[in-house]
Amino acid sequence: MSLAVDIIKRGGKRQTERFMREKLHASIVAACLSVRAPEGQAEATAHMVCDAVIAWLQQRPEVTSHDIRMVAIRRLKSYHPEAAYLYEQHLITI
Amino acid sequence: MDIPSSLAIIALAALIHTSFQLSVSVLMLLGGYTIGAKQSQARLLRLTTSFVIGAGIMTLLLLSFVSLVFLDAFGYDTPQILWAICCGLSVGVAVSIWLFYYRHEKGTTLWIPRGIASYLTERTKSTKLSAEAFGLGLSSVIGEILFIIAPLTMSALVLIQLPLFWQLVGIGIYTVISLLSLIIVWVLIGSGHTLGRIQKWRETNKYFLQFAAGAGLIALAFFVYVSEILGSAAGVI
């Protein structure tokens with residue numbers, strides 16, 4: 001499912017793209033699985049985080065990918081702090 | 001320099017090498033992507049093992065290559081100026097490590113060219129086969145060549161003065177010790193520890209590792225300078 005919100009990519013160097021729930025969902029599931037959360041729990045957590053991000057996006061026609069990450073991390077922290085930490089660290093590991 | 005002292009220098013240089021974090025970061029990412037992609041534990045172990053072997057082979061090849069170049073150029077009688085250059089290089093690299101090794105931001109972002117970091121991240125993401133993980137291990141060692149060059153050259157200079165058998169032992173010691181941090185992370189990932197806890201430890205202790213690597217290099221340079229330059233000068237007098 002894509003929402004009519006344009007995502008400005010990191011650094012503004014790449015083209016903007018439509019928000020894709022599946023993409024965010026997959027990344028949250030991967031973060032949860034990486035901290036050895038059971039698959040069902042990972043799916044449920046990703047579902048709730050995606051819902052929260054979409055609710056936040058409703059009034060915003062254009063956001064950066066960094067904004068989405070921050071909102072997702074904030075929501076994920078309340079469900080699975082360790083997964084949120086790893087999700088946050090993903091781009092700052094190397 | 002006698003054989004135990006030479007091997008001790010090689011071991012210390014390898015310990016400094018193992019405190020560098022690029023390969024560990026790539027191994028963490030590789031583990032994260034593999035687990036996140038719902039791959040089996042067996043595949044996770046296969047990929048991470050191939051990665052560690054790749055890093056080990058590249059370390060072994062680099063050390064052998066630098067030793068061979070020195071041996072070819074200077075024979076068994078290393079000129080003192082070369083020892084002095086190596087000591088200076090080590091002190092320079094140590095100061096650079098203290099100043100620049102980690103970027104001043106959250107996480108464990110390293111001061112390596114961003115192009116190399118993005119390349120390694122992208123390659124890690126698309127690694128599916130053991131051969132690719134092996135290649136990634138090779139590349140991750142090359143990616144940190146700016147920092148490992150100091151302990152590597154110092155070890156190479158010490159190695160070429162040893163008898164053939166002890167040269168092989170020295171290369172083995174260097175390779176195994178330089179892989180210690182990777183082996184520890186490999187065991188932790190393989191035994192089911194979560195990546196979050198490992199990364200948290202790395203982030204919490206990053207400045208200690210940075211300090212230890214720099215201090216170790218300065219200690220190494222000081223010891224070699226005293227034993228090879230001042231020691232032989234005292235012998236002449």
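1. The model is predicted. R36(A) has a positive phi of about 60°, although R36(A) is not a glycine. With 15 C-beta neighbours inside 10 Å, R36(A) counts as partly exposed.

2. K38(B) lies in the loop between α2 and α3 (41-74) of chain B. The phi of K38(B) is near 60°, a positive value in a residue other than glycine. K38(B) is exposed, since 11 other C-beta atoms lie within 10 Å and the limit for an exposed residue is 12 or fewer.

3. The secondary structure of chain A consists of four helices and three strands, arranged along the sequence as β-β-α-α-β-α-α. Its radius of gyration is 13 Å, close to the 12 Å that the globule rule gives for 94 residues, so chain A is as compact as a globular protein of that length. Along the principal axes, the C-alpha trace of chain A spans about 35 × 30 × 20 Å. Buried residues make up 34% of the 94 residues in chain A. Of the contacts in chain A between residues at least 6 apart in sequence, 53% join residues at least 24 apart.

4. Chain B has eleven helices and zero strands. For 237 residues, a compact globule would have a radius of gyration near 18 Å, and the 19 Å of chain B agrees with this. The C-alpha trace of chain B spans about 70 × 40 × 30 Å along its principal axes. Buried residues account for 43% of the 237 residues in chain B. Among contacts in chain B with a separation of 6 or more, 86% are between residues 24 or more positions apart.

5. Helix α4 (residues 80-100) of chain B shows a sided pattern of burial. At 1.5 Å a residue, its 21 residues should span 30 Å, and the end C-alpha atoms are 30 Å apart, which agrees. The buried residues of α4(B) are W83(B), C86(B), C87(B), S90(B), V93(B), A94(B) and I97(B). They cover an arc of only 130° around the axis, which puts them on the same side of α4(B). On the other side of α4(B), I81(B) and L99(B) are exposed.

6. Which residues have the most contacts inside the largest nonpolar core? This core has 84 residues, and those with the most contacts inside it are I28(A), C32(A), A83(A), A13(B), L30(B), M154(B) and L220(B). For I28(A), leaving aside neighbours within four places in sequence, the contacts are T45(A), A46(A), V49(A), A72(A) and L76(A). As background, nonpolar side chains tend to be buried together in soluble globular proteins.

7. Where the two chains meet, 25 residues of chain B are in contact with 13 residues of chain A. The elements that give two or more residues to the side of chain B that touches chain A are α2 (22-36), α5 (114-125) and α10 (195-204) of chain B. Of these, α2(B) gives the most, with eight residues. By class, this side of chain B has ten nonpolar, eleven polar and four charged residues.

Notes: Residues are numbered from 1 along each chain as its sequence is written. Chains are lettered from A and ligands numbered from 1 in the order in which they are written. This is a predicted model: local features need pLDDT of at least 70, side-chain atom pairs count only at pLDDT 80 or more; totals for chains, interfaces and linings use all residues. Two residues are in contact if their C-beta atoms, placed from the backbone, lie within 7 Å. Ala, Val, Leu, Ile, Met, Phe, Trp, Tyr, Cys and Pro count as nonpolar, Asp, Glu, Lys and Arg as charged, and the others, Gly among them, as polar. The expected span of a helix is 1.5 Å times one less than its number of residues. A residue is buried if 20 or more other C-beta atoms lie within 10 Å of its own, exposed if 12 or fewer, and partly exposed in between; C-beta atoms are placed from the backbone. The arc is that of the directions from the helix axis to the C-beta atoms. A nonpolar core is a set of buried Ala, Val, Leu, Ile, Met, Phe, Trp, Tyr and Cys residues joined through C-beta atoms within 7 Å. The radius of gyration is taken over C-alpha atoms; the globule rule is 2.2 Å times the number of residues to the power 0.38.
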